Amino acid sequence: MSETELVIGLECHVQLSALKTKLFCSCSADYRELEPNTVVCPTCLGLPGSLPVVNREAINLGLKVAKALNCEISDKIIFFRKNYYYPDMPKNFQISQYDRVGGIPLGRDGYINIKTDSGVRTVRIRRIHLEEDPAKIVYIGSISTSPYSLIDYNRAGVALLEIVTEPDLTSDEEAHMFLKKLRSIVEHLGVSDGNLPGAMRCDVNISLRGGKRVEIKNISSFKEVKKAIKYEFLRQKQLLKRGVTVEQETRHWDEIRKITVSMRSKETEQDYRYFPEPDLVPIHIPVEWLNKVLVNLPELPEARKTRLITQYGLPAHDAEVLTNSKALADFFEEAAKLYKNYKNISNWMMGDLLRNLNELDIEISESKITPELLVSMLKLIDEGVISGKLGKIIIREIIQTGKDPKTLVEEKKLIKISSEETLNLYINQVFQEYPGAVKDALKDEKAIHYLIGQVMKKTGGRADPDLLNNLVRKKLSEISSSIL
Amino acid sequence: MAVGVRQPASFCGVVGFKPSYGLVSRYGLIAYACSLDQIGPIGKNVRDVAMLFDVIKGYDKHDSTSLNFDIGSASSHLFNEIKDIHIGVVKEFFGEGTDTRVESSVWNAIKKLESIGCKYDFISLPYLEYAIPAYYIIAMSEASSNLARYDGVRYGYRADLESDWNDVFSKTRQEGFGLEVKRRILLGTFALTAGYFDQYYLKALKVRKLIQEDFKKAFKKYDILVGPTSPILPFKLGEKISNPLEMYRIDVDTVPVNLAGLPAISIPCGLVSGLPVGIQLIADFTEDLKLLNLAYKLECELNLKLKPDIVAGD
């Protein structure tokens, strides 16, 4: 993707999953994996006669996020009604916040710094506000072909933070970095758990420079955001290439078909008819309240990064990557309690652990590996029981099965071969099978590696590499002197 | 509904009391216009109304607009002696369109107030002129939003139609709502639409503020304000439905109080051609006990024995 032509702004929805109850009623906020429509009450179902009551703790969590994203924080909380009809809306209006006609969002004018290939980039945050989550619409298969849809109100009324960026992002990769950083921040604050499905969602505004803005809705996870941007970029580029103008419109991300589908054009763009919510009085936030909430804020990723560098002597890059995910940073520090070669832990995490997680397309929290298991494997390598090369092989198995590396090694007879006698048996076999290679190796130093490789292969990677190297050279020099 | 207590009470020759906004919880009340809605009792006499009020008032954590303090017992306060009560007769309540027979009946009651020791003189609240448009814009705007939930998905009427949600919502609401409700939803939706919001809704809020200030000023000098509850005598069922503007204008004396959130009571003050007339007394915010106290004294002094003529078979 060309950096100069893409303009992306994000509207992130972060569920305050740390809350016990919903935003405006006392229903449990823990609605997942429950029988549909069982965590509901008159208020979150929008029954006639019900009224909202603000969950004060939701305001507290919102204030923390506003502070962590370097926002200007409002001294009062005013809710507005956003009026529009949609089947996931129990009242056909959403209680939200607004930044005009007397409204003010909880936080505004903040920023997040992200690290990109071209250096540190500042992504401005336009505003943060509190609102209620709509119900969940369950489609039968794909959104665009579902013959009917079902509504589950369990999610309705759960507290959401809407975090809107300025159009400061220029690629899918940057958008992804931003979302990772955002997730790490809210997880460090302890306000939201990004592992919960649907806890972090995102709408994307995307345009190719000079073209109209297209909004993509219905993206259910940060992972999908990257795919949606990629698709939409190509779609718009194709249109422009053919001389077709890109219309300003709202499109839905069809997660199953992996395409964006047009939902409505600008002519039918919604007028939300915002007005102040008359059922809720404005809440003033005196300085004492704010101070009480913001004192003892947990350590944030930036601070943790600095600490990882000083406390463990990690390179800045490692510390950056680790703290971009709270789970990774926690994993590292847990491991560091058990094992003192910190750089070694970091190397393994940054290298083979992350690579395997990427290949398996899972998060560290979804994998079976624990800090104890990683450390146990590192100790086996240090003690010479297995080779580093074997470590690279079994780490994937540990990630997938959570088996103790010692057990794996025994099961698979993977213990490193460091007996000269045994290794020589393998070496002799190889020398007999590849007389040509032996000849080459006698003439050319570089060709030795081929022989070593063949022996390693025969041992299933279990040969002690240093010993093997020595024995092969010894054997060659023996041959060489016998010829002379 | 906001004027749904005092005006019907006035037309029926009974007592209707709208407490200060926030004294009676709205939790459980089907919302029409939340910022104006206030539940109030209707009864045969002031004492009944005060007793019921004592039961239904009080703080409710389920209603964020509920007032968190206790004003005391209304029914035991009724019998207190009144002294040094200064009454303001609101000029605008006797303006154009007020039936002279209503006026003279209300004046008769004002004289009774004088006879039990109240002083009175005239006061003008200039912004009351704009109360009706402001009230209806705010009420209809809020109503358009409050009534949006009746879409047939979760409860209530649902059109017999198999189509996409948009069609089902539209048909349900088209068939389920009556003419007057639809009119109010449409006007309210219009008033909140981008481009009109400033000139209608925001302006109405400003007028509301000015009316509140008018009252505030008045209550620096007066304890109670008075006037007719309705400018006209009761009309026949359905008589005004085809002329909404005329119908809305009948609320001219009752809605200013809703805009200001004040307590007000209508008590019968006489009969004209066999039809009841009500006098409205208004007090400052949360002075509900003072209001009921005076209303009770006036009721005793008027000592009306109202028995409407019931015409069989009409």
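**View 1. One salt bridge turns up across the interface of chain A and chain B.** Everything here comes from a predicted model. The pair in question is B:Arg26 and A:Asp279, whose side chains meet at 3.0 Å, N to O. Strands S4 (80-83) and S15 (275-276) of chain A each put at least two residues into the side of chain A that touches chain B. Sort that side by class and you get 22 nonpolar, six polar and five charged residues. As for polar contacts across the interface, 15 residue pairs qualify, with both partners at pLDDT 80 or more.

**View 2. Chain A and chain B bury about 2700 Å² between them.** Interface size is often quoted this way, as accessible area lost when the parts come together. Carbon and sulfur atoms account for 60% of the buried area. On the chain A side, look for A:Leu51, A:Tyr85 and A:Arg273: these lose the most area to chain B, together 21% of what that side buries. Counting residues instead, 33 from chain A are in contact with 35 from chain B.

**View 3. The second largest pocket holds about 1500 Å³.** Its lining runs to 43 residues, and A:His176, A:Lys180, A:Lys223, A:Asn358 and A:Glu363 sit nearest the centre. Several elements of chain A give two or more residues to this lining, among them strand S6 (107-116), helix H3 (222-241) and helix H8 (342-360). Helix H2 of chain A gives the most, with six residues. By class, the pocket lining splits into 14 nonpolar, 14 polar and 15 charged residues.

**View 4. The largest cavity has a volume of about 150 Å³.** Among its 22 lining residues, those closest to the centre are A:Ser50, A:Leu51, A:Pro52, A:Lys91 and B:Arg149. The lining of this cavity is made up of eleven nonpolar, five polar and six charged residues.

Terms used. Residues numbered from 1 in each chain as written. Chains lettered and ligands numbered in written order. Predicted model: local features only at pLDDT ≥ 70, side-chain atom pairs only at ≥ 80, totals over all residues. Heavy atoms only, no water. 1 Å grid on protein atoms, 1.4 Å probe; cavity = no way out; pocket = protein on both sides within 12 Å on 5 of 7 lines; lining within 4 Å. Points joined across faces, edges and corners; volume = space filled by probe spheres on them. Nonpolar A, V, L, I, M, F, W, Y, C, P; charged D, E, K, R; others polar. Contact = heavy atoms within 4.5 Å. Buried area = accessible area lost by both parts, 1.4 Å probe. Salt bridge = Lys/Arg side-chain N within 4 Å of Asp/Glu carboxyl O. Polar contact = N/O pair within 3.5 Å; in protein donor to acceptor, adjacent residues only side chain to side chain. Helix = DSSP H or I, 4+ residues; strand = E, 2+ residues; numbered from the N terminus.
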